[in-house]
Amino acid sequence: RILSGINPSSTKGLHLGNYLGAVKRFVEMQHDGECFYFVANLHSLNTVFNPKEVAENTNNIFLEYLALDRKSVV
């Protein structure tokens, strides 16, 4: 089983660092085992202090996760 998450601290959504550091591997590993990926929104409270912004960032990251599949990542 694979468990990993990402911190939604950016208002711009996923960025190149997220892609290279985590998301590309997430997509690759989805065929290697049972994968559970999550948005670690409580961790973002250390850097983002506006609850509305945390909620928006969490929704943005979640939607971007849904948009990814193995064909969209080269």
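Analyst: The structure holds one salt bridge, a term that requires a side-chain nitrogen of Lys or Arg within 4 Å of a carboxyl oxygen of Asp or Glu. Its partners are Glu34 and Arg1, whose closest N and O atoms are 2.8 Å apart. The pair links distant parts of the chain, since Glu34 sits in the loop between α1 and β2 (35–39) while Arg1 belongs to the segment before β1 (2–6), 33 residues away. Glu34 counts as partly exposed because its relative accessibility is 40%, whereas Arg1, at 80%, counts as exposed; buried means under 20% relative accessible area, exposed over 50%, and partly exposed in between, with a 1.4 Å probe and protein chains only.

The model is a predicted one, in which local features need pLDDT of at least 70 and side-chain atom pairs count only at pLDDT 80 or more, although totals for chains, interfaces and linings use all residues. Residues are numbered from 1 along each chain as its sequence is written, and side-chain values use heavy atoms, with hydrogens and water left out.

Turning to the aromatic rings, the structure holds two aromatic pairs, where rings of Phe, Tyr and Trp (its six-membered ring) pair if their centres lie within 6.5 Å, planes under 30 degrees apart counting as stacked, over 60 as edge-to-face and the rest as tilted. Phe26 and Tyr37 form a stacked pair, 4.2 Å centre to centre with 20° between the planes, and this pair joins helix α1 to strand β2 across eleven residues of sequence. Phe26 is buried, with a relative accessible area of 7%, while Tyr37, at 27%, counts as partly exposed. The rings of Phe26 and Tyr65 have their centres 6.1 Å apart and their planes at 65°, so this pair is edge-to-face. Because Phe26 lies in helix α1 and Tyr65 in helix α2, the pair ties together parts that are 39 residues apart in sequence. Both Phe26 and Tyr65 are buried, and together with Tyr37 they form one aromatic cluster.

Beyond residues up to four places away in sequence, Tyr65 touches Gly5, Ile6, Phe26, Tyr37, Phe38 and Val39, contact meaning heavy atoms within 4.5 Å.

Strands β1 and β2 run parallel and are joined by five bridges, strands being taken to pair if DSSP finds at least two bridges between them. Ser4 stands opposite Tyr37 in β2. With α1, the two strands make a right-handed β-α-β unit, right-handed because, with the strands pointing away from the viewer, the path from the first strand over the helix to the second runs clockwise.

Methods: Helix = DSSP H or I, 4+ residues; strand = E, 2+ residues; numbered from the N terminus.
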